[in-house]
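Please open the structure below in your viewer and follow the stops in order.

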Amino acid sequence: MLPVACFLAFLCLISTQTTENLSDAANDVLPTESTFPTTVYQADLVSKNGQASCNSLLCRLPTCRCAGTDIPGGLFKNNTPQVILLTFGDSVTSQNVQLHKDLLDGVTNFNGCPIKATFFVSGDNANYTLVKTLYESGHELADHSVSQRVPPEWWSANASVTELESEIVGQQKTIQSEVGVITKGWRNPYLESTETTFRILADNGFLYDSSLVTFPGVRWWPYTFDYLPSLSCYLKNCPTNFYPGLWEVPIVTWQCDTSGTKFGSTMSDCVDFEDEESVYQMIMTNFKLHYDDNKQPFSMFTDSIWFDSKPSRKSAVTRFINDVRKLNDVFIVTIQDLLLWTQSPIGLDSFPFSCNR
């Protein structure tokens with residue numbers, strides 16, 4: 001294995017001086033966590049909306065976690081795995097199956113275990129034979145609605161409770177019927193969540209949501225809705241009620257330019273880079289913001305449309321994956337794998353994300 005001490009030397013090999021300059025610029029311009037209020041842990045304090053702030057002495061793993069940047073289980077950073085979440089948010093069809101194969105097939109983490117992605121599967125035009133193949137290959141299937149209907153604001157402004165439940169639970173039942181697996185995760189189409197969305201997820205036994213975007217510069221680990229974060233959501237789609245045991249796997253905002261002034265809710269929002277090198281440098285810069293911080297999970301949320309519009313993007317992502325998977329503390333795993341680890345954290349010295357776990 002690569003000793004941890006070799007990491008900086010390795011990054012020098014895989015990142016040009018441009019990457020280092022980009023990272024330095026990002027660190028100089030991006031707001032730090034101290035710029036935005038993080039969760040208060042003292043039990044005698046209350047958040048701005050008058051509700052009790054999260055108390056880390058009462059909110060304890062494996063069932064509860066406060067929102068924040070602290071590493072689960074109190075692990076030291078040099079003993080903490082860096083998780084990468086590669087997630088796709090569209091239908092699985094014959095048109096994009098080759099993209100998935102090119103990115104994932106035969107690729108392993110440093111420990112020899114296959115890399116895994118999470119597919120948020122919508123029902124529109126889905127080929128469930130291909131969906132089942134992804135599941136049998138070890139990837140996670142999650143719920144992304146029956147229809148992904150437009151306009152986007154329908155999900156937050158016009159949908160009735162019955163319609164939302166039909167979209168969420170209906171797709172969960174379809175995947176169960178077609179593939180034989182009960183999906184535990186949800187991502188809202190267009191990230192247009194409402195209070196009703198979270199109530200439906202909680203009432204129907206979902207394990208997690210992954211629809212809430214952090215403010216630029218804020219990198220949180222997954223947390224539960226036993227308490228509410230003191231910092232509101234970037235897209236103003238946070239719930240205002242408690243849903244004990246329901247996890248949020250936040251989407252960390254991406255830096256989409258070299259100056260640190262333009263941001264995107266997801267990787268797919270970063271569209272101004274033309275060639276493989278510039279896309280690669282953009283991805284690596286964002287990765288290093290996590291790796292150099294507290295190794296918060298690095299979310300690469302994308303869809304096949306982003307890749308189709310510029311072929312150089314696939315080669316850039318492939319290059320990035322091939323570089324970071326050489327590091328002995330980096331693991332590309334599913335969201336459920338991450339949550340299992342978060343609930344019962346183990347350090348690198350105990351070999352997390354082994355093939356038999």
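Predicted model: local features only at pLDDT ≥ 70, side-chain atom pairs only at ≥ 80, totals over all residues.

Start by selecting residues 161-179, which make up helix 6. From first C-alpha to last, these 19 residues reach 27 Å, close to the 27 Å expected at 1.5 Å a residue. Now show the side chains of its buried residues: Leu164, Glu167, Ile168, Val169, Gln171, Gln172, Ile175 and Val179. Their packing partners include strand 2 (118-121), helix 4 (128-136) and helix 7 (195-203). Step just past the helix to Gly180, where phi is positive, at about 90 degrees.

Next, select Ser268, in the loop between strand 9 (263-264) and helix 8 (276-291). Ser268 counts as buried because its relative accessible area is 14%, under the 20% cut-off. Its side chain makes a polar contact of 3.1 Å with that of Thr302. Leaving aside residues up to four places away in sequence, Ser268 also touches Phe301, Asp303 and Trp306.

Then colour the cysteines; the whole structure has four disulfides. Among them is Cys54 with Cys66, sulfur atoms 2.0 Å apart. The torsion about this S-S bond is about -80 degrees, so the link is left-handed. Both of these cysteines are buried.

Move to Cys59 and Cys64, joined with their sulfur atoms 1.8 Å apart. This disulfide is also left-handed, at -100 degrees, and Cys59 and Cys64 are buried.

Finish at Cys113 and Cys355, whose sulfur atoms lie 1.9 Å apart. Cys113 is in the loop between helix 3 (97-104) and strand 2, and Cys355 follows helix 11 (335-343), so the pair ties together parts 242 residues apart in sequence. Cys113 is buried at 6% relative accessibility, whereas Cys355 is exposed at 54%.

How values were computed: Residues numbered from 1 in each chain as written. Heavy atoms only, no water. Helix = DSSP H or I, 4+ residues; strand = E, 2+ residues; numbered from the N terminus. Expected span 1.5 Å × (residues − 1). Buried < 20%, exposed > 50% of the residue type's maximum accessible area, 1.4 Å probe, protein only. Contact = heavy atoms within 4.5 Å. Polar contact = N/O pair within 3.5 Å; in protein donor to acceptor, adjacent residues only side chain to side chain. Disulfide = S-S within 2.5 Å.
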